[in-house]
Amino acid sequence: MTTKKRIELIIEKMAFKRACRVFEAAGAKGYTALPTMAGFGNGNRWQRDTDMSGSNDMVMIISIGDDATTQRVIEDLESLLGEHVGVVSISDVTVMRPEKF
Amino acid sequence: MDAALSTILSPIILFFLLGMVAALLRSQMTIPEAFAKGLAVYLMMAIGLKGGVEMSKNALTGDVIAVFIAGIALSFVIPLIAFKLLTKTTKLDKTNAAAVAAHYGSISIVTFVAATEALRLSGLQTSGHLVALAALMETPAIISALLLVQKTSTDKNNTGVAGAERGELMREVLLNASVVVLVGALLIGWITGEAGMTKIAPFFISPFQGVLCLFLLDMGLSAGRGLRQGWRQLDIATIGFGIYMPLISACLAGAICYILDMPTGDAALLITLSASASYIAVPAAMRLALPKAKPSIYLTLSLGVTFPFNVTLGIPLYILLAETLTQ
């Protein structure tokens with residue numbers, strides 16, 4: 001068992017592809033994106049199917065990697081989150097098969 | 001006046017109101033997201049095909065091209081007026097004002113479809129090229145809005161943001177689902193003509209009104225939910241803008257219809273297109289182009305205030321205006 005860093009990014013759907021490019025460019029070995037249902041933040045409630053443009057939709061991206069990759073991802077995500085709606089958190093996780101991350 | 005009344009009391013509008021009231025009363029009624037998107041594609045295909053078939057019957061004349069130019073010019077100019085009004089009368093900053101202005105320069109295809117149905121029920125003829133005009137009027141407003149916030153050409157693509165890709169905004173604007181389906185169906189209708197339409201009429205003609213009722217029920221739910229969730233972001237001046245701006249755009253378009261001596265049905269559609277505000281293509285483009293602008297402002301205003309106003313009261317008013325101007 002090995003300890004790795006888990007990045008959990010929740011970001012508006014329209015910036016989803018930008019976020020994916022950040023993970024890939026930083027050398028992340030993988031990530032998984034999940035749809036979200038609804039939430040509350042900055043004084044606003046949002047819900048996935050409120051409108052057809054999808055501008056209120058948010059997605060969650062989870063990626064597990066080593067310290068160096070995580071650092072590179074976070075530096076670029078800072079720029080992305082300066083423009084787009086979203087939050088990011090990092091936690092230590094224990095993984096099996098560390099070579100996968 | 002009869003046309004106006006029959007529009008308000010049509011099943012399409014009453015279903016829209018049902019959805020809106022249900023959402024405002026916090027009903028749990030929902031229409032599955034994927035199904036609603038399928039309905040939207042169906043409607044755009046149907047309206048595009050019908051428009052294409054109508055276009056195949058007539059040659060592209062100078063009058064038609066003049067209408068196209070006028071429509072595109074309106075889409076460029078309306079955001080400038082909207083931006084000026086927003087910065088003078090509301091507390092919105094320049095970025096939010098520009099984003100809102102872009103929505104009002106662009107068009108709502110569902111409002112257009114509702115107006116087409118209202119005109120058909122009133123016995124007024126419309127030309128197929130207005131569908132092409134709807135597609136042409138979707139994007140110029142976005143360019144106007146970007147110019148309003150004094151973006152440079154590189155900033156337009158937001159290449160400064162991590163992960164941004166060159167050309168992604170233009171792809172979103174020019175190749176969004178509504179433009180692709182509408183223009184594609186228009187071309188297919190134009191190529192295949194009446195003979196092609198006859199083969200698919202049972203799917204695209206007869207069920208059209210029923211599907212439109214179902215879709216507007218969902219739009220009513222969306223508008224009601226949007227208004228319920230976002231109304232705190234709007235002050236009286238901004239809500240007022242959502243009502244008077246379509247009327248200003250309608251008057252501007254009405255003057256152009258009068259100058260171009262357009263037939264009543266076509267004039268009503270151009271007025272409706274100009275008065276409508278986007279809530280599908282532009283919000284998505286604004287998230288990429290002006291991410292600092294708040295969707296809770298522009299989307300609530302466009303979808304929660306202007307769309308219900310246009311669908312219920314606006315369309316009858318625009319038909320009345322077109323009738324008055326073309327008499």
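In helix H6 of chain B, the buried residues are B:Ile109, B:Val110, B:Thr111, B:Phe112, B:Val113, B:Ala114, B:Ala115, B:Thr116, B:Glu117, B:Ala118 and B:Leu119. Keep in mind that this is a predicted model.

That list makes H6(B) a mostly covered helix, with eleven of its 13 residues buried. The helix runs over residues 109–121 of chain B, and its first and last C-alpha atoms are 18 Å apart, close to the 18 Å expected at 1.5 Å a residue.

So who sits against H6(B)? One partner is helix H13 of chain B, residues 264–275, whose axis comes within 9 Å of the H6(B) axis and crosses it at roughly 155°. An angle over 145 degrees counts as roughly antiparallel, which means H6(B) and H13(B) are roughly antiparallel. Their crossing is right-handed. On the H6(B) side, the touching residues are B:Thr111, B:Phe112, B:Ala115, B:Thr116 and B:Leu119, and they meet B:Gly265, B:Ala268, B:Leu269, B:Thr272 and B:Leu273 of H13(B). Sorted by class, that contact has six nonpolar residues, four polar ones and no charged ones.

What comes after H6(B)? It is followed by B:Gly123, with a positive phi near 80°. This glycine sits in the loop between H6 and helix H7 (129–136) of chain B. Is B:Gly123 buried or exposed? Its relative accessibility is 56%, and anything over 50% is exposed, so B:Gly123 counts as exposed. For a sense of distance, its C-alpha lies 46 Å from that of B:Lys292, a residue 169 places away along the chain.

A:Arg97 has phi near 50° and lies in the segment after strand E6 (86–95) of chain A. B:Arg26, with phi of about 65°, is in the loop between helix H2 (11–24) and helix H3 (33–57) of chain B. Both come out as exposed: A:Arg97 has a relative accessible area of 53%, and B:Arg26 has 52%.

Back to helices, with another pair in chain B. H12, residues 236–260, and H15, residues 295–326, bring their axes within 10 Å and cross at roughly 30°. Since angles under 35 degrees count as roughly parallel, H12(B) and H15(B) are therefore roughly parallel to each other. The crossing here is right-handed. From H12(B), the contact uses B:Thr238, B:Ile239, B:Phe241, B:Gly242, B:Ile243, B:Pro246, B:Leu247, B:Ala250, B:Gly254 and B:Tyr258; facing them in H15(B) are B:Leu301, B:Val305, B:Thr306, B:Phe309, B:Asn310, B:Leu317, B:Tyr318, B:Leu321 and B:Leu325. By class, that gives 14 nonpolar, five polar and no charged residues.

H12 of chain B also holds B:Ser249. What does B:Ser249 touch, leaving out residues up to four places away in sequence? Its contacts are B:Ile78, B:Ser274 and B:Ala275. With a relative accessibility of 1%, B:Ser249 counts as buried.

Chain A has a packed pair too. H1(A), residues 16–25, and H2(A), residues 67–83, have axes 9 Å apart and an angle of about 155°, so H1(A) and H2(A) are roughly antiparallel. The crossing is right-handed. A:Arg18, A:Ala19, A:Val22 and A:Phe23 of H1(A) meet A:Val73, A:Asp76, A:Leu77 and A:Leu80 of H2(A). This contact has six nonpolar, no polar and two charged residues.

| Helix pair | Axis separation | Crossing angle |
|---|---|---|
| H6(B) and H13(B) | within 9 Å | roughly 155° |
| H12(B) and H15(B) | within 10 Å | roughly 30° |
| H1(A) and H2(A) | 9 Å | about 155° |

One more helix of chain B is worth a look: H11, residues 208–230. Its 23 residues reach 32 Å from first C-alpha to last, close to the 33 Å expected at 1.5 Å a residue. H11(B) is mostly covered as well, with 18 of its 23 residues buried.

Key
Residues numbered from 1 in each chain as written. Chains lettered and ligands numbered in written order. Predicted model: local features only at pLDDT ≥ 70, side-chain atom pairs only at ≥ 80, totals over all residues. Heavy atoms only, no water. Helix = DSSP H or I, 4+ residues; strand = E, 2+ residues; numbered from the N terminus. Expected span 1.5 Å × (residues − 1). Buried < 20%, exposed > 50% of the residue type's maximum accessible area, 1.4 Å probe, protein only. Axes fitted to C-alpha atoms, helices over the stretch in contact; angles between N-to-C directions. Parallel < 35°, antiparallel > 145°, perpendicular 65-115°, else oblique. Left-handed = near helix turned anticlockwise from the far one by under 90°. Contact = heavy atoms within 4.5 Å. Nonpolar A, V, L, I, M, F, W, Y, C, P; charged D, E, K, R; others polar.
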